[in-house]
Every structure is written in structure tokens, then in C-alpha cells.
Amino acid sequence: MEQEIYQIIAGEENISPRQIQATIELLDEGNTVPFISRYRKEITGGLDEAQIRKIEERTGYLRNLEQRKEEVIRLIEEQDKLTPELEKKINEARILQEVEDLYRPYRQKRQTRAAKAREKGLEPLAELIWEQEIKEGELAEFGQDYLNPEQELNTIEDVYQGARDIIAEQVSDDAEIRKMVREITFTEGILHSYLKEEGLDEEGKYEIYYDYKEAVKKIPPHRILAVNRGEKEEVLQVKVISPEEKIISNIEAKFLEEKSLFTDEIVTAIADAYKRLIAPSIEREVRNQLWDKAEKHAITVFGENLRALLLQPPLRDQVVMGIDPGFRTGSKVCIVNEIGTLLATATIYPHPPQVEKAKAERIVGDLIKKYDVDVVAIGNGTASRETELFIAGIIKKGLEVSYTIVNEAGASVYSASELARKEFPDQDVSMRGAVSIARRLQDPLAELVKIEPRSIGVGLYQHDVNSTHLEESLQKVVESVVNYVGID
């Protein structure tokens, strides 16, 4: 099977099977993707990191697919229902969904309407209807023998309703039908969101989605995330609208033969199968696939943004003043030398409610002169703009120093961490934040790797996506960047 995996991935990625095999063997030995891409080029044939990650992901999927095939074949075999034709179809399946569709008729079901009808002995009638061989007669003559008040089969309609339930489940379990419905729903379906109830969205956050329609195949990831959040917050109702008449007509074309006595019963059963069993199930699948697509996109954006942030060029050989701005508790000021060693700290109050502007100017000016500061790094959080104006005012008075605004996302997480406490046991949390801001300017990567990637704030809908998948992805980015730069 491994050889088959090599061939499949080679065909998909237009890479030789030998390269695929060599790469998978290196991964199986526990080598990391960045290590392989950088130090094992002669073995992989020069594959880059993106290609190796794709091979890693695809190998995992295909191995999981094979494992599931074996499990499904075993489960069907245990029921003595495995045929050579079915086994061949399962083994030839290329996606997990095809395997699940083929297994669906053999899966242990809860007590369905069809199961109850079988318990009442209606399966022979359902088979008779499904064969469509009887052309003449009355429905009553074929249903009469199944009347049984003890089984709640009091009328001919009760009998045929049970038979139709069995047929509807058979139609619903057909793998080819489910594949057809899935494809039509994806290509022609419409995602429709609407306001669940007036007054639920007081801030109007989801106003554009109060009556919003877009083709399933075209809806972009950010809108999927927005609609899902609105639904999760119970503001929006979301449905997938598919071409019902076309789908039912296609199902009828597959199963209906020449006109028989039972044609109307089968037509009714097919409509019921689609509306009651197939449509809700396929809608869930479509919604799940849209969500997977949106989540993958969001996580990719997180990764790209994090990579760009970590790979910002360092500002070498500069003495930096870091300022963590604030109003009520004042702004925390620190000085770090060219290698990030903390030299001095101070707290100033240049902003309301406790204004000591002249004193703050004197403290900052004295520190800049004493330590020959090259640049002031101002955090971009609360009071950032006011602090920028304050520093600009000091510079205008003749100080030879420049300033910049630094993204302080995650600084508060670092400053309260065990690592920060070990680095600066004598400093309070806010002052540690000021040091982190200063060091981020000097060497962004060295400072940011101390913080959990998800705390750096580099994407949207962070709390909507799967936290484990996000963590894994961002950890891979950190690993990749660190290997790329070549640091501990």
C-alpha cells in the first residue's frame, strides 16, 4: 500500500515517486519538515518546505483512508454481507466520504421508521413494490395480508406508509445517489442566512447577513466564518437551498422503470427520501466542508501573518527606550542596551487623570541623555497615540532621538509568564511589558518566541477555529522560522 501512496502523491504533485518515498521515510524517522527541506536536499531531490508539508499532510490522509477501508471491510464481513463487487468499490475509493457512503447501508442504525416497518413484517411488500413488475390490480389486494391492529397497521395506507419508509431508507443509503446530490448541492446550492428574530442584534453586527444569499461554490472563507459566528450567537438562521426538483427528478430517472401499479408509491418514497433523509444529511456535509475550507484559510492567514511578524528585520546595535503607555496607572518606561540588558526603569504620568507632564518630560529627557538612547519604542495599546504626541513634543525641544510604534500584542501574556518572572523577579508586570516592547524592536523573533503564538494576535476569528489545529499550525510556523534563521 505504501507504494500506491507514493504513486498517488507523485501524480498529484508532479514529483517522482522516488522523491515521495525518500521524503516520507525521512518524516517517518522523526525528522522535522524544516530540517528535511534545509539539510536533506540531496535525498529529497531539492523539495522545498511547502512541498514537504503537502506530502506530510497527504500521506497522513491516505494512510487514514486505508485504515478506514480495512475497518469498513471487516465490519461488513462480520455481517456476512461483503461481496467481491462491494469490496472492490471500497478499495478503489479515493476519498473518505466515498468509503462512508458505501458503508452507510451496513452501519448500525438507531430505531428508524424503516427499522420499525421491518419489525412489523413489511419488508416483503417493500421488495415487491421496488421490483416494479406488477402492472395491474389494486393496492389493497397486495396490502391486505399485512393489516395487523396489534402492529398499528390498521389501514391499507398504514401498510404502504411502512413500505415507503423502507424504500426511502434504501434510496437514502445508495452511495451513487448521495454522491450525485452532494455534487449538485455544491455546484448549484445557495447559502441563505436570515435574521432569526427581530431585536436579537442590537448592535447590528450581522446586518448585512439578515437576508443574505450566495452560491455555495463561491462564498469566500471570511463570510463563512461571519455567518457561522452569527448562527452560533443565535442571531442568524442559516440554510443551504438546493435545486430540489432537479435532484428528485434525477433520483427518479435512476430507479423508476416502466409504469407499474406501484409507481406512485415509489415516487412518493423518493421525494420523502430526499426531503427527510438525504437533504438534511447533505446540508450538514456541505456546511461542514464550507467550515473546513474557511477554518483552513483562517489558520493559513494566521500562519502567514505570524511568519511575517517573526521575520521582521532586527534593529541591531541600538540602545532602546521602551514605553508601555497607560492613563490611570501611568506609563512604564525602561532602557535596554544594545543586547537587551535592562539598564533603568521609571514610571511617568504625562496623561490624565494624574497629570505630571513637566516631571514626565524631565525623567524621559534625563534617561535619553544619560544612556544615549537611539530610539524610543512605544507600545500600540491604550494611550499609544497620546504617548506618541508626548514623545514627539520632547524631540522637538532638541533631543536627538527617533521613535516608532511597536505592536505590543501578547506583551501582557509574556509579562505575567513564569519566564518573565525568572528574567525580572524584581520588576512588576507592567514594567516587564515595557522591556518586551523595547526588545521586540531590537530582535522581534528572539522576543516573540517567548509567547504562545495564538496570543500574538495575528488573525481574525481566532476563537472560532479549532484551537488544536491553530496551535499545531502556528507551532509549525515558529519551528520553520527558527530553522530558517538558525537560532536557538
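**Salt bridges and their surroundings in the predicted model**

Glu 169 is found in helix H11, which spans residues 156-172; helices (H or I, at least four residues) are DSSP runs numbered from the N terminus. The structure is a predicted model, in which local features need pLDDT of at least 70 and side-chain atom pairs count only at pLDDT 80 or more, while totals for chains, interfaces and linings use all residues. Residues are numbered from 1 along each chain as its sequence is written, and side-chain values use heavy atoms, with hydrogens and water left out.

With a relative accessibility of 10%, Glu 169 counts as buried. Here, buried means under 20% relative accessible area, exposed over 50%, and partly exposed in between, using a 1.4 Å probe and protein chains only. Setting aside neighbours within four places in sequence, the contacts of Glu 169 are Lys 109, Thr 112, Ala 114, Arg 118 and Leu 277, where contact means heavy atoms within 4.5 Å.

Attention now turns to charged pairs. Side chains of opposite charge can pair when their charged atoms come close. A salt bridge is taken as a side-chain nitrogen of Lys or Arg within 4 Å of a carboxyl oxygen of Asp or Glu, and by this rule the count comes to 42 salt bridges.

Arg 68 and Glu 71 meet through their side chains in a salt bridge of 3.1 Å, N to O. Both residues lie in helix H5 (residues 49-78), 3 residues apart, or about one turn of the helix. Arg 68 counts as buried, at 18% relative accessibility, whereas Glu 71 is partly exposed at 34%.

Another salt bridge, at 2.9 Å from N to O, brings together the side chains of Arg 182 and Asp 101. Arg 182 belongs to helix H12 (residues 175-188) and Asp 101 to helix H7 (residues 96-103), so this pair ties together parts that are 81 residues apart in sequence. Arg 182 is buried, with a relative accessible area of 9%, and Asp 101 is buried as well, at 4%.

A further salt bridge is formed by Glu 423 with Arg 439, whose closest N and O atoms are 2.9 Å apart. This pair links distant parts of the chain, 16 residues apart, with Glu 423 in helix H19 (residues 418-423) and Arg 439 in helix H20 (residues 429-442). Glu 423 is partly exposed at 30% relative accessibility, while Arg 439 is buried at 14%. Elsewhere, salt bridges that share partners join Glu 49, Arg 53, Glu 56 and Glu 479 into one network.

How values were computed: Helix = DSSP H or I, 4+ residues; strand = E, 2+ residues; numbered from the N terminus.
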